[in-house]
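Please open the model in your viewer and keep the sequence panel beside it, so that each selection can be followed in both.

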Amino acid sequence: MYFAALLARTEDGWEASDTELDDVETLSDLTELARESSDDDTVIVFIEQEDAWFGIVRIEGEEDPRIYVSDGAAAARSSYGEILTREILGDDLDDIVDELESLDLDGTEDGEPLADDTDDDEETGVAAEAVPAAPVGDRLILADLGMPPADLMALESDALAEIANALGAAEVLEAVR
């Protein structure tokens, strides 16, 4: 289960709204959704999957979005997380996936018998294995807003509440949760 919220910085402070990601299939879709939700220059998109991982996308006007994901491997195993990790790792991830798939390893190389289940891994499974089980992306994404990189990387449970607190937006985020 996912939780997603948009925080827009206005002249009066932060405004929060929850959002549905049903129509989001690409980073462009997510960016467009954020830009349509607010006329303000800074929009922060929070995405969290049941305490497994969280992601932050920061959109500033027409600039390219900045992205941070707390656990790349966990995120890459989910549809929305894969969108973010593919954007962060880009061609490097595609090259790793292509290289792993081209090896066509079936376990018999080490003298192990071939398993009964001979279905090929889906690309997302291979991609998830190629992504580090660590934070990936722009660690400075919230530094100018009050959350230093070390604090961001140390977050584990209830990360979004701690981020919102650092930004001074805890009450507005809690209202949409």
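Is Val43 buried or exposed? Val43 is buried, because its relative accessible area is 3%, where buried means under 20% relative accessible area, exposed over 50% and partly exposed in between, with a 1.4 Å probe and protein chains only. This is a predicted model, in which local features need pLDDT of at least 70 and side-chain atom pairs count only at pLDDT 80 or more, while totals for chains, interfaces and linings use all residues. Residues are numbered from 1 along each chain as its sequence is written, and side-chain values use heavy atoms, with hydrogens and water left out.

Now show the whole chain as a cartoon. The protein chain has seven helices and six strands, where helices (H or I, at least four residues) and strands (E, at least two) are DSSP runs numbered from the N terminus. Along the sequence the pattern reads β-β-α-β-β-β-α-α-α-β-α-α-α, and buried residues make up 39% of the 177 residues.

Next, turn to the aromatic rings. Rings of Phe, Tyr and Trp (its six-membered ring) pair if their centres lie within 6.5 Å, and planes under 30 degrees apart count as stacked, over 60 as edge-to-face and the rest as tilted. By this rule there are three aromatic pairs. Select Tyr2 and Trp53, an edge-to-face pair at 6.4 Å centre to centre, with 70 degrees between the planes. This pair links distant parts of the chain, with Tyr2 in strand β1 (residues 2–10) and Trp53 in strand β4 (residues 53–60), 51 residues apart. Tyr2 is partly exposed, with a relative accessible area of 29%, whereas Trp53 counts as buried at 2% relative accessibility.

Select Phe54 and Tyr68 next: the ring centres are 6.0 Å apart and the planes stand at 45 degrees, so the pair is tilted. Phe54 in strand β4 and Tyr68 in strand β5 (residues 66–69) are 14 residues apart, and the pair again links distant parts of the chain. Both Phe54 and Tyr68 are buried.

Finally, select Asp23, in the loop between β2 (13–18) and α1 (27–37). Asp23 is exposed, with a relative accessible area of 70%.
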